[in-house]
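Have the model open and follow along.

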Amino acid sequence: MSANKDGDGGWKSFLWNSERKEFLGRTGGSWFKILLFYLIFYGCLAGIFIGTIQALLLTLSNYKPTYQDRVAPPGLSHTPRSEKFEISYNVNDVETYLKYTKSIKEFLEMYDDERQTDQMKYEDCGELPGSYIDRGELESDVGARKACRFKRTWLGPCAGLGGHDENFGFKDGKPCLIAKLNRIINFRPRPPTNNASVPEAGHIRVQANVMPIHCQNKREEDASKIGEIKYYGMGMGFPLQYYPYYGKLLQPQYLQPLVAIQFTNLSFNEELRLECKVYGANIDYSEKDRYQGRFDVKFTIANS
Amino acid sequence: MSKGDSYDMFEMNGEVDVKMKKKKKIKKKDRLEGMKKEMDIDDHEITIEELEMRYTTSVTKGLTSSKAAEVLERDGPNELLPPKGTPEYVKFARQLAGGLQCLMWVAAVICFIAFGIEFSRGTLGCFDDQALVIRDGQKNQINAMDLVVGDLVEIKGGDRVPADIRIIFAQGCKVDNSSLTGESEPQSKTPECTHENPLETKNIAFFSTTCLEGVATGTVINTGDRTIIGRIASLASGVGNEKTPIAIEIEHFVDIIAGLAIFFGFTFFVVAMFIGYAFLEAMIFFMAIVVAYVPEGLLATVTVCLSLTAKRLARKNCVVKNLEAVETLGSTSVICSDKTGTLTQNRMTVAHLWFDNVIHAADTTEDQSGQSFDQSSETWRSLARVAGLCNRAIFKPNQESLPIPRRIVVGDASETALLKFTELAIGNMMEYRERFKKVVEVPFNSTNKFQLSVHELEDPMDLRYLLVMKGAPERILERCSTILIKGQEMPLEEQWKEAFQTSYMDLGSLGERVLGFCYIYLNENEFPRGYKFDSDEMNFTTSGLCFAGLISMIDPPRATVPDAVMKCRTAGIRVVMVTGDHPITARAIAANVGIITEGSETVEDIATRKRIPVEQVNRRDARACVISGGQLKDMSSEELDEALRSHPEMVFARTSPQQKLIIVESCQRLGSIVAVTGDGVNDSPALKKADIGIAMGIAGSDAAKNAADMILLDDNFASIVTGVEQGRLIFDNLKKSIAYTLTKNIPELTPYLIYITVSVPLPLGCITILMIELATDIFPSVSLAYEKAESDIMHLKPRNPRKDRLVNESLAAYSYFQIGAIQSFAGFTDYFTAMAQEGWYPLLCVGLRSHWENVHLQDLQDSYGQEWTYAQRLYQQYTCYTVFFISIEICQIADVLIRKTRRLSIFQQGFFRNKVLVSAIVFQLLLGNLLCYCPGMPNIFNFMPIRGQWWFVPIPYGILIFVYDEIRKLGVRRHPGSWWDQELYY
């Protein structure tokens with residue numbers, strides 16, 4: 001650290017000057033003094049720093065972040081996760097899609113019925129989409145809130161339950177994707193006010209109390225190759241009774257609604273680009289964020 | 001940097017995608033329009049015959065092959081044009097035009113401009129003189145460049161001597177050798193060899209000197225680089241340019257910085273490898289640390305500070321050729337000054353008169369502001385008349401508006417001096433001479449050493465002639481039999497002769513040139529009107545004259561010089577006179593300007609005073625010492641060093657160019673930083689060898705100006721003092737600037753260190769660092785160059801270049817480990833605030849890095865269970881960059897305020913006295929706001945519009961910096977020499 005390394009006598013005597021008993025240009029006493037000074041100095045600084053951070057933490061609410069401007073509007077994420085925005089496998093080779101089915105399986109375990117038996121934590125919110133369920137103010141003294149149950153069976157063939165396909169359709173070239181809307185505290189998604197924004201093919205799924213989701217080919221030339229897309233889940237979208245989310249502290253057991261999207265007739269051996277979008281009045285898309293309210297996925301399914 | 005790049009690439013891909021899409025859209029549109037046009041097709045409706053007609057074909061035979069070729073020519077081949085992708089060069093150009101890249105381009109362009117300026121300054125025009133040469137027995141005017149050795153050339157008054165010439169024939173030829181030897185008097189040239197030293201002998205005229213009067217013919221003995229002056233010039237170019245002290249300082253400092261950067265980088269490279277990062281990643285960390293650590297803006301700051309001072313100096317008539325020289329002047333400890341033109345006015349002036357047996361002092365100031373002597377005596381009037389009439393010098397016409405001392409005169413130096421003197425004393429000499437019509441004159445020559453002229457009297461009734469004479473005093477006295485005392489002619493008795501001798505010696509010992517004046521009224525019977533005076537025969541009385549008085553002349557010192565020398569002395573700078581002039585004159589001037597102070601004695605003086613031989617004098621008793629070139633020749637360099645060490649007041653006289661060089665080298669050996677002033681070609685090697693060469697702008701020769709680092713436009717020694725002051729100030733201020741610039745390297749570095757070791761999301765990006773280094777902090781660091789001096793810097797000793805470094809240990813330690821540390825804490829406080837308020841608690845951040853930077857993780861949970869997509873996290877990260885940036889900015893404002901002083905309290909220095917600094921702070925804030933809130937910034941420079949309150953988080957730390965530094969300064973002031981002072985004063 002010293003500026004006078006090229007002082008008289010060169011490196012060696014700078015490192016250890018036996019004449020004056022100096023190490024790196026300072027005697028032991030001098031080193032002790034300066035180190036003590038820095039110890040005190042940094043001690044004070046660290047104290048101030050920790051104090052400030054503590055003070056900061058005191059100003060924060062336990063239930064809701066001070067600002068949500070970066071996290072809202074919500075992202076739309078899917079399982080299995082794509083790798084390099086691509087899902088590619090060979091139907092004849094289990095190895096190639098095992099990682100996808102495995103990740104779906106693991107993800108869906110959270111939705112197992114046995115996990116949702118605790119009556120203190122879960123309640124049934126009906127089989128049909130309903131309106132928001134208000135469970136009181138965040139800051140009120142009600143404490144922990146119940147969450148709605150979500151049944152895996154609603155996901156139909158993509159539920160991966162016994163009797164159904166454990167391979168989530170991957171084996172038959174009809175892969176399932178599980179989509180979810182990212183959690184945001186106190187966020188109440190609003191369904192589209194009219195169906196003008198939704199592509200024609202999705203109009204049938206626009207209904208009250210549901211956030212519709214719709215996938216379509218990204219490139220025009222793929223239009224004929226993607227085949228039929230099936231949607232499973234309550235109301236084939238995200239039903240509103242699961243909202244709002246009350247946060248990790250009040251609703252640690254919260255399960256957000258899922259939609260399973262099954263691509264039943266994808267052309268094999270071709271790179272197909274698909275885009276799924278969730279539609280709603282307070283859902284936004286951004287050119288810079290490919291997962292805000294939508295996602296892109298590229299399928300390449302080989303069958304040889 | 002690491003992840004930043006990969007993000008960038010990701011972003012870039014995104015952008016390219018978008019742009020591709022746009023292009024496709026345009027194409028689609030075109031195609032659609034084309035399709036619409038093709039809707040007009042009616043080929044399907046018309047009959048086969050019509051179809052055949054339209055396409056000039058046949059349904060049976062088809063087209064003719066020639067027709068087919070023609071149509072092919074017209075329509076082009078039958079294939080779909082491949083869609084145009086983005087051309088590779090456009091992609092390449094896009095890579096070159098990114099935000100960061102643009103910064104680099106600007107830097108590159110600035111470099112080129114700087115080079116251009118330097119380059120255009122470099123060359124000076126060469127001369128093309130004409131020379132009159134005799135070849136084949138005929139006189140030819142040829143270009144001086146075409147002269148060869150052996151050519152016979154003729155020179156006359158006003159010519160430049162075209163080569164080194166051995167004089168064969170001369171008539172009243174006088175040559176101005178001042179540029180070569182520094183002698184201010186013209187040297188007469190004759191065919192005789194008068195001295196063994198070629199520089200002293202009278203029969204050689206040197207290349208590039210000027211012939212003032214007379215004519216001469218001579219043979220060329222040397223041309224080009226082989227001439228004396230050419231040799232001096234090549235000596236000058238042979239002398240290596242010394243590194244300036246500031247260059248050494250900066251090099252020293254760059255070494256430290258580079259060493260530390262690599263040390264830090266390597267340490268963390270090892271740490272990163274140890275923690276388990278991949279080699280490539282660790283390598284990228286290494287690079288990032290080096291980038292964060294190197295103060296990119298520093299060299300720019302130093303250059304700008306120096307050029308500001310250079311500009312300030314230029315306004316005070318010092319033009320700086322080499323920027324670094326500005327500071328060199330500040331660390332100067334010895335000034336070797338030439339005498340002629342620098343310390344003196346370079347014009348002969350009447351200094352003393354002796355008449356009525358009293359020595360009178362004349363006014364020698366440049367603007368005639370001094371005291372004049374009593375002019376009531378009758379003798380004075382006679383003396384003035386002789387001096388005025390026996391004078392061939394005349395003013396050039398049309399100069400009535402100029403003050404008399406500035407008027408241009410035709411004539412030699414002493415006649416000029418007398419003319420100006422009488423003009424001032426009597427007024428309008430031209431008209432005065434008209435009244436005393438000149439009948440005959442005998443010009444000065446070296447055998448009789450006098451000049452005389454005979455005039456009619458102004459009273460037309462008085463038919464006597466007046467003979468006036470001037471010349472070497474002893475010769476004049478020989479011809480006199482009476483002397484004028486208080487207007488009365490007295491017989492010249494022994495007592496007067498003795499008085500004359502004493503005065504003559506006195507004036508001579510002052511280094512002055514003394515002339516005697518006498519006159520006589522010629523007997524009107526012997527010399528009636530119309531008498532034929534013959535200047536060759538001298539058929540008139542030239543003895544038994546009446547002695548009027550003595551007038552002595554000297555090239556007087558400039559009025560400002562004694563004061564400036566005094567100032568140098570208080571500033572601990574030694575002024576040494578090095579001149580080509582005679583020792584006596586040199587010593588007289590040295591005493592006059594204070595280079596030899598009152599009461600200082602030379603060895604010779606002591607010897608005379610104690611009446612002992614010179615050898616017995618203890619050399620250490622003598623403060624002053626005058627060494628002539630002859631003595632110097634016999635001295636070894638150790639003896640010279642010893643002489644310079646033991647005598648604080650030194651004068652070197654009669655020195656040759658090589659000797660000047662030796663003197664400079666000797667001073668440098670003794671550890672001094674040497675400034676040399678000079679104007680002649682003879683000075684140029686020394687100018688070059690000196691740490692800083694100072695040439696005279698008016699009197700200086702081109703060679704001197706070329707060799708110098710600085711040019712004094714007004715030739716005034718006093719300007720050097722201003723330069724010294726500015727140089728010292730800039731050294732102090734550079735120290736402050738550098739301290740300011742270095743400080744922020746720590747808050748730029750710590751984010752990386754924390755990022756690597758604790759794996760928090762990156763708090764500060766590379767582009768942000770560069771914006772701090774190259775944009776926001778440049779102006780404030782430059783503004784410190786405008787800071788006033790803290791104390792009277794002209795009363796301090798020059799800095800010791802070995803000990804008082806520009807960047808010393810305590811400066812680095814204080815900036816890095818104290819102020820820099822506080823700034824880092826400020827940055828992290830703000831960073832954690834921004835993270836926590838958006839939902840990421842500090843403890844969650846620790847170890848979050850790998851998830852945070854996973855491009856495929858689109859639902860990462862924050863402390864509240866909310867799920868973030870990758871891009872949302874990325875913008876949050878940019879927000880962190882910005883708050884960290886703002887924290888550094890706020891702390892740097894406190895930093896620039898504390899850097900205003902190193903010892904004084906800022907309240908003593910004044911908060912707002914440095915207006916530039918205040919505006920720099922305002923500018924910095926505005927630029928910070930622009931970067932934060934200008935639309936488009938997130939994607940160009942990774943700045944996000946941040947919440948207002950995040951600006952205020954670092955303010956307490958800013959106040960802490962301010963208060964802490966005030967405490968430091970208080971301790972330094974109260975307890976000088978204490979541990980606190982030693983460790984914390986930089």
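Before we start, a word on exposure: a residue is called buried under 20% relative accessible area, exposed over 50%, and partly exposed in between, using a 1.4 Å probe and protein chains only. Helices (H or I, at least four residues) and strands (E, at least two) are DSSP runs, numbered from the N terminus.

This is a predicted model, so local features need pLDDT of at least 70, side-chain atom pairs count only at pLDDT 80 or more, and totals for chains, interfaces and linings use all residues. Residues are numbered from 1 along each chain as its sequence is written, chains are lettered from A and ligands numbered from 1 in the order in which they are written, and side-chain values use heavy atoms, with hydrogens and water left out.

Now the background: most residues other than glycine have a negative phi, and most peptide bonds are trans.

Start in chain A. Ala72(A) and Pro73(A) are joined by a cis peptide bond, with omega at about -5 degrees. You'll find Pro73(A) in the loop between helix H2 (28-59) and strand E4 (76-79). Another cis bond links Thr79(A) to Pro80(A), with omega about -5 degrees; Pro80(A) sits in the loop between E4 and strand E5 (86-90).

Over in chain B, look at phi instead. Lys486(B) has a positive phi, near 50 degrees, in the loop between strands E17 (480-485) and E18 (488-491). Its relative accessible area is 59%, so Lys486(B) counts as exposed. Further along, Arg611(B) shows a positive phi near 55 degrees. Arg611(B) lies in the loop between helix H19 (603-610) and strand E22 (624-628), and is exposed too, at 76%.
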